[in-house]
Amino acid sequence: MYILQTSKLKKYYGKGETLVKALDNVSLSIEQGEFVSVVGTSGSGKSTLLHMLGGLDHPTSGTVEVDGQDISQLKDEELTIFRRRKIGFVFQNYNLVPVLNVYENIILPVELDGNQPDKAYVEDILKVLGLGSKKYSLPSQLSGGQQQRAAIARALAAKPAILLADEPTGNLDSATSQDVLSLLKVSSDRFKQTMVMITHNEEIAQLADRIVRIEDGKIKSDGRIQEDRHHA
């Protein structure tokens with residue numbers, strides 16, 4: 001079952017000689033539970049793609065379907081609600097609320113939606129991400145890696161249809177990056193969570209089930225990791 005699909009997705013900026021095709025006719029299908037890396041150099045269109053998948057920007061044309069809903073047709077208010085319920089985000093900057101402790105940060109999006117958090121599920125996430133002892137710590141009392149893990153826990157807490165990670169280890173050292181990425185992989189497997197991770201780092205990309213390479217706004221290759229290694 002496809003949880004995420006784009007069809008003939010385009011995002012153009014400017015006109016005439018200044019026209020920039022940030023995304024040019026991108027069609028992509030991602031199955032429930034897949035962990036996909038989208039790889040590309042700076043300016044390749046990978047971040048624009050992530051913004052389209054997450055409903056953070058509107059396409060020039062084409063469609064984006066998340067969990068059966070064409071989000072490109074939603075009005076801004078409807079899109080805000082849909083994002084909160086169905087899409088989890090992990091960015092380079094952790095975006096934790098400084099006056100809230102780890103647990104309060106994690107359950108905040110669920111409570112903003114007027115729901116009660118699944119406490120057993122949140123405890124499970126804390127355990128998997130190694131944050132059990134930091135539950136009542138403020139963000140300022142955490143290392144960068146711990147803050148990023150808290151951001152991942154927050155993204156998972158609402159049980160989103162998809163989790164989108166934009167260069168999630170961009171602000172971390174290499175050893176901490178490996179820890180955080182391993183935990184992303186574990187969370188994907190453990191919670192059957194569909195994840196799409198944007199990265200320019202080939203080594204990081206290899207942790208996913210599948211790698212989609214994007215250049216000049218177009219998909220250049222799309223293959224499962226085993227296939228890539230077989231042809232290497």
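This note goes through the predicted model from its overall form to single residues.

1. Overall form. The protein has eight helices and ten strands. Its C-alpha atoms fill a box of roughly 55 × 45 × 35 Å along the principal axes. For 232 residues, a compact globule would have a radius of gyration near 17 Å, and the 18 Å of the protein agrees with that.

2. Burial, surface and contacts. Of the 232 residues, 50% count as buried. The accessible surface comes to about 11300 Å², and carbon and sulfur atoms account for 47% of that area. Taking contacts between residues at least 6 apart in sequence, 69% join residues at least 24 apart.

3. The sheet. Six strands make up an open sheet, in the order β6-β7-β8-β3-β9-β10, with mixed pairing. β6 and β10 (218-224) are the edge strands, each pairing on one side only. From one strand to the next the twist averages 20 degrees. As background, strands of a sheet pair through backbone hydrogen bonds, either parallel or antiparallel.

4. Parallel pairs. β7 (residues 162-166) runs parallel to β8 (residues 194-199), and five bridges join them. In this pair L164 stands opposite V196 of β8. β3 (residues 35-39) and β9 (residues 210-215) also pair in the parallel sense, over four bridges; here V38 stands opposite V212 in β9.

5. The antiparallel pair and its hairpin. β9 and β10 pair in the antiparallel sense over six bridges. R213 is placed opposite S221 of β10. The hairpin of these strands has two residues between them, and D216 takes a positive phi near 50 degrees.

6. G217. This glycine lies in the loop between β9 and β10. Is G217 buried or exposed? Its relative accessibility is 1%, so G217 counts as buried. Leaving aside residues up to four places away in sequence, G217 touches K21, A22, L23, D24, V26 and S44. G217 and S44 are 173 residues apart along the chain, yet their C-alpha atoms are separated by 5.7 Å.

7. Helix α2. The buried residues of α2 (residues 76-86) are L79, F82 and R83. Why do they line one face of the helix? Seen down the axis of α2, the buried residues fall within an arc of 100 degrees, so they share one face. The general rule behind such spacing is that an α-helix has 3.6 residues a turn, so residues three or four places apart point the same way. A reader checking the model can note that R83 is on the buried list together with L79 and F82.

8. What α2 packs against. The buried residues of α2 pack against β4 (61-66), β5 (69-70) and β6 (87-90).

9. Q147. This glutamine is found in helix α5 (residues 144-157). Q147 has 18% relative accessibility and counts as buried, because the cut-off for buried is under 20%. Which residues does Q147 touch, not counting residues up to four places away in sequence? They are Y94, L96, P139 and L142.

Methods
Residues numbered from 1 in each chain as written. Predicted model: local features only at pLDDT ≥ 70, side-chain atom pairs only at ≥ 80, totals over all residues. Heavy atoms only, no water. Buried < 20%, exposed > 50% of the residue type's maximum accessible area, 1.4 Å probe, protein only. Arc of directions from axis to C-beta. Contact = heavy atoms within 4.5 Å. Pairing = 2+ DSSP bridges. Axes fitted to C-alpha atoms, helices over the stretch in contact; angles between N-to-C directions. Rg over C-alpha atoms; globule rule 2.2 N^0.38 Å. Areas by Shrake-Rupley, 256 points an atom, 1.4 Å probe, with all protein chains shown as cover.
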